[in-house]
Amino acid sequence: MSTIRTELSRIAAKVETTEGTAISLAASDGDLLVTNISWTHGVPAYERNTRSATFSKYASISGSQMATLSFDVDMYANGSSAPGYDALMQACSFVGTSSAPTYTYNPTSTAASIPSLTIGAYVDGRLRKMVGARGTCKISAKTGEPWKMSFSFQGADVAPTDTTLLADATYTANSKTPPAVLGSAFSIGGLSTTEALLRSIEFDFGNQLTMRTDANSSSGYRSCALVGRHVVGQFVVEMPTIAEHDLYTIMTGNTLAALAISCGSSTSKIAFAAPKVQYLDIGESDDRSEEHTSELQSRFGISYAV
């Protein structure tokens with residue numbers, strides 16, 4: 001018997017040729033330096049309330065087998081080439097396009113453009129795997145820290161096996177040293193980059209997932225389907241004056257605005273653009289870390305592209 005050392009972990013993911021059918025994973029299937037890995041087996045037990053000569057119960061029957069996997073990745077850019085988390089983005093309904101010197105992701109609602117994945121979570125000689133996986137993601141950042149991508153996937157569960165830990169991928173330089181959110185040029189609506197003193201920001205894809213039941217499958221599921229999307233987000237900035245940015249009037253007037261933010265440079269530049277953002281809620285609080293200055297907390301919805 002040996003101790004499982006969770007520090008020795010890897011995540012690998014690959015687009016499936018046939019939805020719900022496992023595809024072989026290799027060390028190269030994910031330039032992913034991950035943290036906060038969490039795996040949950042979703043196997044319900046069918047209780048049998050049978051009548052007999054005693055009060056004792058007969059064994060429950062294990063039902064359909066799904067799994068949920070979540071983990072974080074520091075976001076990075078890879079010039080005009082797809083980053084190592086490209087398969088994850090595809091399964092979260094985003095299509096990447098290369099146009100030197102950039103690689104751009106845009107959301108899609110076309111089912112054929114949202115592939116399923118085989119994902120393996122390797123932990124020091126033990127493998128947990130899901131097939132037919134799709135997911136959702138939150139992207140967040142605080143000033144002075146890298147962008148964090150928090151993924152959550154669902155798929156048909158595969159019984160764990162004792163498997164040799166995958167070797168590390170050939171990680172790109174950018175994945176090992178992602179840019180911090182500095183010099184970010186954040187703006188939204190009429191709030192300019194000189195007025196928007198950004199503390200933190202988050203985008204939540206809000207993908208809606210459902211498992212596809214299949215009695216012909218040994219797990220009881222064919223795959224996970226992505227059936228909807230509701231993109232929301234929030235940001236925290238130092239409180240602007242009404243003259244600089246009248247959030248209440250903008251919110252109550254259902255006014256749409258454009259949001260933009262970028263950081264990094266050259267091949268490691270990360271940028272977001274949302275052409276139609278609507279304020280959903282605003283709040284104020286004291287920022288005690290900065291000697292009681294006032295800060296603005298705003299929640300927003302995105303109508304189209306992230």
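Predicted model: local features only at pLDDT ≥ 70, side-chain atom pairs only at ≥ 80, totals over all residues.

Reader: How many residues does the largest nonpolar core have, and which have the most contacts inside it?

Author: In soluble globular proteins, nonpolar side chains tend to be buried together. Here the largest nonpolar core has 55 residues. Those with the most contacts inside this core are Tyr85, Trp147, Phe151, Phe153, Phe186 and Leu259. A second, separate core has six residues, among them Ala156, Met211, Tyr221 and Cys224.

Reader: What does Tyr85 touch, leaving out residues up to four places away in sequence?

Author: Tyr85 touches Leu32, Val73, Met75, Tyr76, Tyr105 and Met149.

Reader: How many aromatic pairs does a search of the whole structure find?

Author: The search finds eleven aromatic pairs. In one of them, Phe71 and Phe151 lie 5.8 Å apart, centre to centre, with 35 degrees between the planes, and the pair is tilted. Phe71 belongs to strand S5 (residues 66–74) and Phe151 to strand S10 (residues 148–162), so look for them in distant parts of the chain, 80 residues apart. Phe71, Phe151 and Phe153 form one aromatic cluster.

Reader: Why does Phe71 count as buried?

Author: The cut-off for buried is under 20% relative accessible area. Phe71 counts as buried because its relative accessibility is 1%. Phe151 counts as buried because its value is 2%.

Reader: Is Val232 buried or exposed?

Author: Val232 is buried, because its relative accessibility is 12%. This residue lies in strand S15 (residues 232–238). Apart from neighbours within four places in sequence, Val232 is in contact with Glu202, Phe203, Asp204, Leu280, Arg299, Phe300 and Gly301. The C-alpha atoms of Val232 and Asp31 are separated by 27 Å, and the two residues are 201 residues apart along the chain.

Reader: How many residues line the largest pocket, and which lie nearest its centre?

Author: Read a pocket by its space and then by its lining. The largest pocket holds about 550 Å³ of space and is lined by 25 residues. Tyr103, Thr104, Lys269, Ile270 and Ala271 lie nearest its centre. Two or more lining residues come from each of strand S7 (102–107) and strand S17 (270–287). S7 gives five residues, the largest share of the lining.

Reader: How do the residues of that lining divide into nonpolar, polar and charged?

Author: The lining has 17 nonpolar residues, seven polar and one charged.

Key. Residues numbered from 1 in each chain as written. Heavy atoms only, no water. Core = buried A, V, L, I, M, F, W, Y, C linked by side-chain atoms within 4.5 Å. Buried < 20%, exposed > 50% of the residue type's maximum accessible area, 1.4 Å probe, protein only. Contact = heavy atoms within 4.5 Å. 1 Å grid on protein atoms, 1.4 Å probe; cavity = no way out; pocket = protein on both sides within 12 Å on 5 of 7 lines; lining within 4 Å. Points joined across faces, edges and corners; volume = space filled by probe spheres on them. Helix = DSSP H or I, 4+ residues; strand = E, 2+ residues; numbered from the N terminus. Nonpolar A, V, L, I, M, F, W, Y, C, P; charged D, E, K, R; others polar. Phe/Tyr/Trp six-rings, centres within 6.5 Å; stacked < 30°, edge-to-face > 60°.
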